[in-house]
Amino acid sequence: MSVELAVWHEPEPISRQRAESVFQALRRGEPGAAEPHPGVAAFAGRLAEAEQVSPAHAVVTVDPDRADEVSGEVFALARECGLVCYDPQRGLVHNLAPLGVYSGMQMHTGDGMIVVDPDLRLVTDALATMSPQNPFTALVVFGEHFVQTSPEITGYELEYKDSVQDLMFRTHVPDLETVQDAFAEYATGGRTFLDRHDWSRV
């Protein structure tokens, strides 16, 4: 079974639910599901795996064993062309904005997704998809610091590392919202989440 990604233009960030609705409407060929945009042709012309289905959207289809390799390129090229990218397998949408404050920050997930400069809504949504098949999420500014989390039976393990000082800390938090708040603060340069919890040195 192949892996599919779809791209189109949205004037504002959209939710994953809205993205799924637009994606299904585009698949049905409904007029007006998305507006034509020059970025669609530009995208399809630069990626061998892409097919421009209409003036409003393109689809990328790849074998599962190449999905992680190609998807990072798809996410980056879609942003460059001014398009959102929807991943229907994960139920996640990659918006153009808002972004965090660290240029080149990467998001890594336990099911193999790597995104450079993820938008903040994507980070929040990706955290909600953790499962036994997707057992962690991390935001990494290489050589400086990172934050990562994994589900536990009664909540979530949350870790923070200051790579410059070679200090790593771990705590347990009870719910997903607490994790999402910590990741959002981290991505926007805040560290107040470090003061809200009791941490153990790792």
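Trainee: Two strands pair if DSSP finds at least two bridges between them. Which residue stands opposite A138 in β9?

Mentor: Q148. Strands here are DSSP runs of E, at least two residues long; helices are runs of H or I, at least four residues, and both are numbered from the N terminus. β8 covers residues 137-141 and β9 covers 145-152; they run antiparallel, joined by five bridges.

Trainee: Before we go on, what kind of model is this?

Mentor: It is a predicted model, where local features need pLDDT of at least 70 and side-chain atom pairs count only at pLDDT 80 or more, while totals for chains, interfaces and linings use all residues. Residues are numbered from 1 along each chain as its sequence is written, and side-chain values use heavy atoms, with hydrogens and water left out.

Trainee: Back to β8 and β9. How many residues sit between the strands of that hairpin?

Mentor: Three. G143 takes a positive phi there, near 85 degrees.

Trainee: And Q148, what is its bridge partner in β10?

Mentor: E159. β10 spans residues 155-162 and pairs with β9 in the antiparallel sense, over eight bridges. Those two strands also form a hairpin, with two residues between them.

Trainee: What is the strand order in the open sheet?

Mentor: β7-β6-β8-β9-β10-β11-β12, with antiparallel pairing across the seven strands. β7 (114-116) and β12 (200-201) are the edges; each has a single partner strand, so one side of each lacks a neighbour in the sheet.

Trainee: How many bridges join β11 to β12?

Mentor: Two, and the strands run antiparallel. β11 is residues 167-173. F169 stands opposite R201 in β12.

Trainee: Switching topic. Is E185 buried or exposed?

Mentor: Buried, at 18% relative accessible area. The cut-offs are under 20% for buried, over 50% for exposed and partly exposed in between, with a 1.4 Å probe and protein chains only. E185 belongs to helix α5, residues 176-187.

Trainee: Which side chain does the side chain of E185 make a polar contact with?

Mentor: That of T192, at 2.8 Å. A polar contact is a pair of N or O atoms within 3.5 Å; within protein, one must be able to donate a hydrogen and the other to accept it, and residues adjacent in sequence count only if both atoms are side-chain atoms. Leaving out residues up to four places away in sequence, E185 touches G190, R191, T192, F193 and R196. Contact means heavy atoms within 4.5 Å.

Trainee: What about the largest nonpolar core? Which residues have the most contacts inside it?

Mentor: F43, V60, V74, M107, L139, F183 and Y186, in a core of 45 residues. Such a core is a set of buried Ala, Val, Leu, Ile, Met, Phe, Trp, Tyr and Cys residues joined through side-chain atoms within 4.5 Å. The largest share, six residues, comes from α3.

Trainee: What is V74 in contact with?

Mentor: L5, F43, L47, V60 and C85, setting aside neighbours within four places in sequence. Another core, of 14 residues, lies apart from the largest one; A6, I14, A33 and Y86 are among its members.

Trainee: Last one. What does the secondary structure of the protein come to?

Mentor: Six helices and twelve strands. Of the 202 residues, 46% count as buried. The C-alpha atoms fill a box of roughly 55 × 30 × 30 Å along the principal axes.
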